[in-house]
Amino acid sequence: MTMTGQDSLKTRRSLKVGSKSYDYYDLAAAAEKIGDISRLPFSMKVLLENLLRFEDGGHSVSVEDVQAISDWQKTKTSDREINYRPARVLMQDFTGVPAVVDLAAMRDAMTKMGGDPQKINPLSPCDLVIDHSVMVDFFGGPDAFKKNVELEFDRNGERYEFLRWGQNAFDNFRVVPPGTGICHQVNVEYLARTVWSSMEKNGSAEIAYPDTLVGTDSHTTMVNGLGVLGWGVGGIEAEAAMLGQPVTMLIPEVVGFKLMGRLKEGMTATDLVLTVTQMLRKRGVVGKFVEFFGPGLDNLTLADRATIANMAPEYGATCGIFPIDAETIRYLEFSGRPAEEVALAEAYAKAQGMWRTADSADPIFTDTLELDLDQVEPSLAGPKRPQDRVALSGVPTNIAGVFEERGHSDKSVPVAGADYALEDGAVVIAAITSCTNTSNPAVLVAAGLVARKARQKGLNVKPWVKTSLAPGSQVVTDYLEKAGLQADLDALGFDLVGYGCTTCIGNSGPLPDPIAAAIDEGDLVTAAVLSGNRNFEGRVSPQTRANYLASPPLVVAYAIAGNAKINVATDPLGEDKDGNPVYLKDIWPSNHEIQDTVRECLTADMFRSRYGNVFQGPPEWQAINVTGGETYAWNGGSTYVQHPPYFEDMAAEPAAVTDIKGARPLLMLGDSVTTDHISPAGSFKPSTPAGEYLTERQVRPADFNSYGSRRGNHEVMMRGTFANIRIRNAMVEGVEGGYSRHMPDGEQMSVYDAAMKYKAEGTPLLVFGGKEYGTGSSRDWAAKGTNLLGVKAVIVESFERIHRSNLVGMGVLPLQFKEGTTWKSLGLDGSETFDILGIEDDLKPRKDMTLVIHKADGSTNQVNLTCRIDTAGEVDYYRHGGVLQYVLRNLLAEGKAA
Ligand code: SF4
């Protein structure tokens, strides 16, 4: 069922496709009223259609909003806020569990306030894919997959039982069980339709419209490769969208990225995406749409496009979209989509001027840049940021920088029980992982062929390397097996370890004890090479200081080389049976070999058969006993799922907002603080506040699991906020990890303990940061945890888009220093107290506010800040204490009015 607006511009038309008839909102008919829009970027046409379909006389969408999209062509920028309604929502389990926890808590609150709990139900289709929980505990053997799945169910039973309750309790909510695939790959291969259709709410017609979505994962953009507009939002924003709230956004700037030519022999889509990421980061596209165009598109497969779209968060863009063309339709057909859906996608795109051909005129963009594909060279990115591309030959020099930081480069420690020593630079993790690359048959087949050729030459991986293969879809296993390549990968230790995120999300599992001990003993600088998209400090493994993103075939090559000091481009990887040196070029497959293998081994039937039972899951999933009814029967003893405190004692009307007085800083941070720094997803030790909490509840360290898997329990998550082992708070100089100082006594303690002490004293808290605060995953716990620690405002030089909006969604005020001012330039050291003025007086988007600084010596100073509540809708959220409180109160009022 879908809602529609009042169509003031009379653009509704009928489209016949085969024997079926659809209604749609015709862009050409709109152009007669609002002016020519034929050269609008594809992504803007999608936004325009959305506004036309939901135009309701200005209640949420006005004719002026529609006109503003056309007018955008004159200025190519706009400060107009629009209400956008995506067709559906996608979630993964790390973010999905807390989202369902919130919905369950909202049902309780609704009941408590005298409303109807059934009002809390997703209105748009919502799919949750359980992919983030599998860890690489076992590897390098034929039973690794089975054992990892067993452990996954052991560890996550409480969460999975809760999700099965949600699956039954909520309408429009489907769960793809664990062990099936990775959400974005499942989305590209199965869930996405490019053009969606559903019956109008009054049942009068079937409406066709572009497939659009928001996802609770930043790499939701991967589906942009299929011409589907979508991006990552925080869980709270997604929950609001599920419950019928529009996403408020400014009409974006759109940067056109022109691609020309074709990739040279031997280059991969991974090399290309790392190049694109570096270029776009340099240009600066935060908060903007990126749209690819130009003749080079004809030389990119849909899988290549999906790889490029996947990394939009790494290049900083809201999305990285490709228009619909013949390749899109070829892929929809090949991946087994129903013929009726494929025919609709093609007919609709052509009717709406959304169809790209080689002759299409270039769209009008805010800004453009271009790349000749034949300039792309073999690339990795690291050691700690995805945008820091390194040419293959440059890796030894690159890791030398990490050696310099640590003060040694040639330490070596004998490994207990083995006949070798571990050296600085050792590659201890080589992981074929992540939807970014495992969705791309060409790079996986290339990895298999490298393994095959290496095996034929008698090469093997080094014994200290933890090897793994974790694809995002079971189809990968089918084609690797059909090609006989899985056997070659197995021979080198790249046995299947799971269908899920694994190393990409930091679930790389522990290193073997003797290797871990050698690293600790020598404080060795070790490396991970993975085909993922993020390598921030501490994410991949606590024991790898240099982390390189690379294509799957390069992952295999580095596992063979065994040390990042080796120049893989020019040095031998090893010796063949006769003692002759073997170089990378000797085992690197040709493009033809790769293409021929993909053509012979990947079939449409594989998609049909694997996705034919996608909601079934393994026996362990089917065996879960589902309890509970309309509301969830919370188990106070659960350490995974707890009733969150957000709606406790909530009144039907919000209290007035007030200025912040007498606040203390909790952290003073530098540039590029990621959401991983703020709310890490990986494992944690017994000595951390989260570890102590679980130990008190008789949870053994081996069963701690990860922060990500504990997001249904706010008690763990509060303790894990700002607890990243690599975060550096300038208030505790020279100390790495989640520490702060309680002021004015100056006592050093964990961030959590300091926050609780301040809370007991009634002291509001602030966090100071530098540029790009909140970079990285769309992690709403980074905002939830900040809120629960008692932080009232975050003051930085610039914000990443999603985190800023999540802070507002949790009732935390995002504030930005004026250009040229930083907390350092103000001479702050953490001993001050602060007032923030301008909140209670005429709060509006982007207004100036005043930061009053009271220094310890009694002097005061003040500076202006920009309030980064960006839209009028966000002002409402902030006034209500957060978006969920706002939605809940509205649904309650609606119910009472009805
Ligand atoms: S964690 Fe990695 S593999 Fe998982 S969805 Fe995100 S990008 Fe894909």
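Modeller: Gladly. Let's start with strand S31 (residues 813-817) and strand S34 (residues 860-867), which pair in the antiparallel sense over three bridges. The model is a predicted one: local features need pLDDT of at least 70 and side-chain atom pairs count only at pLDDT 80 or more, while totals for chains, interfaces and linings use all residues. Residues are numbered from 1 along each chain as its sequence is written.

Biologist: What makes S31 and S34 a pair?

Modeller: Two strands pair if DSSP finds at least two bridges between them. S31 and S34 have three bridges, so they pass that test. The names come from DSSP runs numbered from the N terminus: helices are H or I with at least four residues, strands are E with at least two.

Biologist: And how do you know that strand S33 and S34 pair?

Modeller: S33 (residues 848-854) and S34 share seven bridges in the antiparallel sense, and Met849 has Leu865 of S34 as its bridge partner. S33 and S34 also form a hairpin with five residues between them, and Gly858 in the turn has a positive phi of about 95 degrees.

Biologist: What order do the strands of the barrel follow?

Modeller: Seven strands close into it in the order S26-S29-S30-S31-S34-S33-S32, with mixed pairing. From one strand to the next, the twist averages 40 degrees. (Angles run from 0 to 180 degrees between N-to-C directions, and axes are lines fitted to C-alpha atoms, for helices over the stretch in contact.) Strand S29 (residues 765-768) and strand S30 (residues 791-796) pair in the parallel sense over four bridges.

Biologist: Why are S6 and S10 said to stand at the edges?

Modeller: They belong to an open sheet of five strands, ordered S6-S5-S4-S9-S10 with parallel pairing. Strand S6 (173-176) and strand S10 (229-232) each have a single partner strand, so one side of each is left without a neighbour in the sheet.

Biologist: Why are H28 and H29 called oblique?

Modeller: The axes of helix H28 (residues 780-788) and helix H29 (residues 801-809) come within 8 Å and cross at roughly 40 degrees. Angles under 35 degrees count as roughly parallel, over 145 as roughly antiparallel, 65 to 115 as roughly perpendicular and the rest as oblique. H28 and H29 are therefore oblique to each other.

Biologist: Is the crossing of H28 and H29 left-handed or right-handed?

Modeller: The H28/H29 crossing is right-handed. A crossing is right-handed if the near helix is turned clockwise from the far one by less than a right angle, and left-handed if anticlockwise.

Biologist: Which residues make the contact between H28 and H29?

Modeller: Asp780, Ala782, Ala783 and Thr786 on H28, with His803, Asn806, Leu807 and Gly809 on H29. Residues are in contact if their C-beta atoms, placed from the backbone, lie within 7 Å. That contact divides into three nonpolar, four polar and one charged. (Ala, Val, Leu, Ile, Met, Phe, Trp, Tyr, Cys and Pro count as nonpolar, Asp, Glu, Lys and Arg as charged, and the others, Gly among them, as polar.)

Biologist: Which residues come nearest to the ligand?

Modeller: Of the 14 residues around the ligand, those are Ser434, Cys435, Cys501, Cys504 and Ile505. A residue is near a molecule or strand if its C-beta atom, placed from the backbone, lies within 6 Å of it. Helix H6 (183-191) and helix H14 (435-438) each supply at least two residues of this shell. By class, the shell has six nonpolar, six polar and two charged residues.

Notes:
Two residues are in contact if their C-beta atoms, placed from the backbone, lie within 7 Å.
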